[in-house]
Amino acid sequence: MKVMTFSVGITKPNLLFGLPFSCVRRITGFHYSVANKTFTCSSIAQPTANFDSGRVRRRKGGSSSLYIHPSLPEMRKDMLATRKKVYEFLISVGIVPDELDGLELPVTIEVMTERVEFLHNLGLTVEDINNYPLVLGCSVKKNMVPVLDYLGKLGVRKSTFTQFLRRYPQVLHASVVVDLVPVVKYLQGMDIRPEDIPRVLERYPEVLGFKLEGTMSTSVAYLVGVGVARREIGGVLTRYPEILGMRVGRIIKPFVEFLQNLGIPRLAIARLIEQRPYILGFGLDEKVKPNVESLEEFNVRRTSLPSIIAQYPDIIGIDLKPKLVNQRSLLNSVLDLDPEDFGRIVEKMPQVVSLSSEPMLKHVDFLKECEFSLQQMRQMIVGCPQLLALNIDIMKLSFDYFKVEMKRPMEDLVTFPAFFTYGLESTVKPRQKMVTKKGLKCSLAWMLNCSDEKFQQRMDYDTIDMEEMEMEPSFDMNSLMQPRSYDESGSDYEDSDDDID
């Protein structure tokens, strides 16, 4: 076995590998032995090149050395000094930098100035920036410009950018490809037409921050499960995209169940949502329940609540009680209503709570001019509150025809005030001519309160069947639940509390 040994004329051989190359070159000699044979190698000490000596001298130099970097404390000190200058600039323009600690900011005042001026050019004020100061962490070129360019290409109007960013400034942090494009594709997949996407985003910019498989998907699935037609979903979301941010268990489901408990059929609720999706935004505890209580307080019967809400869904979302107080006081002053009368008026025409006082008074004056007594006017308006909202010029034409051509007693109008709600040329005159031709004597209700098909059948009667005498027209809840002309598939959504957040 051969044993190889090395020896060098230095105290610790292992230090050789830690020496600079210039020092290694200054070693004058060494010898080694292999199997008892000793070999000696010597070299003449070469003078160190100026390049090397220069490197050594630079190493001895100060902080300008190529090999010496600032220490961590020095770097931190420099960063704090730079951030202090940036903070001083922000404070000078009115921006409070308290929430910016820990946020990566520009290292120069010039770059921060660029960001602030860019935001100002978008219409954002110092107050807007203070409401969300983290927007100052967005780069103009890397963040702001790409996002705004993408929104512009979608069709979002530049005139809406200011309000858009006030509502959802976080969009400036988003990646167009990773964050925004998938949401837009999802909206299109919900049958929102491409030309409607800008409208949806302008109305509800927060949708750009939602997760695709989160609240958006569950809210849509629940509505389909309730009975909202799949083909209507795109229109519903276009008109009220806020639905996409509503939690089923906290907002939508309790709202639907409350209306059901009042007596509104589930399918009728679905139709109301299709027609007026914004009703889902009425706060259940803040508006809906208190308004229902107010209606009952003003002598509206609980059994009439489903019809009232179906006719005028807005009634459960407006500031109702003051309106009820004002309208009852006004009508009492001119009609001397009984306590229950106002409740009957609201039941038959809930929109009365939103009518202006001046038009209502003009309609009351018209009835006075027609020489109806106070008691007759009260009976007419309680029986047909629509008299307070009809076109007065058309009412005058109908009344003149009633007096001159029909020559009926005034009491007929008191008994059936809904006469004024029928079209004079389309309904009243044609039917009056046919009744006169047949020589029939009938009530206004028998003549008018039926469909054209039913009226033709009645014209074939020899006598008037009193059992077919119909009361004044009223709202039919079934009108909301008519079958659709297209088939609807079932919902994949399972109405389970475990799946509702």
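User: What pLDDT does the protein average, and how many of the residues score at least 70?

Analyst: The average is 83, and 77% of the residues reach at least 70. pLDDT is the predictor's confidence in each residue, from 0 to 100. This is a predicted model: local features need pLDDT of at least 70, side-chain atom pairs count only at pLDDT 80 or more, and totals for chains, interfaces and linings use all residues. Residues are numbered from 1 along each chain as its sequence is written, and side-chain values use heavy atoms, with hydrogens and water left out.

User: Where is confidence lowest, and where highest?

Analyst: Helix H1 (residues 21–24) is lowest, at a mean of 40. Helix H14 (residues 284–297) is highest, at 97. Helices are DSSP runs of H or I with at least four residues, numbered from the N terminus.

User: Which pLDDT level holds over residues 1–64?

Analyst: It stays under 50 there. The model has 45 contacts for residues 1–64 beyond four places in sequence. A contact means heavy atoms within 4.5 Å.

User: Why is tyrosine 222 called buried?

Analyst: Buried means under 20% relative accessible area, exposed over 50%, partly exposed in between (1.4 Å probe, protein chains only). Tyrosine 222 has 1% relative accessibility, so it counts as buried. Its place is in helix H10 (residues 215–226).

User: What makes cysteine 370 and cysteine 384 count as buried?

Analyst: Cysteine 370 is at 7% relative accessibility, so it counts as buried. Cysteine 384 is at 4%, so it is buried too.

User: How many disulfides are there?

Analyst: A disulfide is a pair of cysteine sulfur atoms within 2.5 Å. By this rule the count is zero.

Terms used
Helix = DSSP H or I, 4+ residues; strand = E, 2+ residues; numbered from the N terminus.
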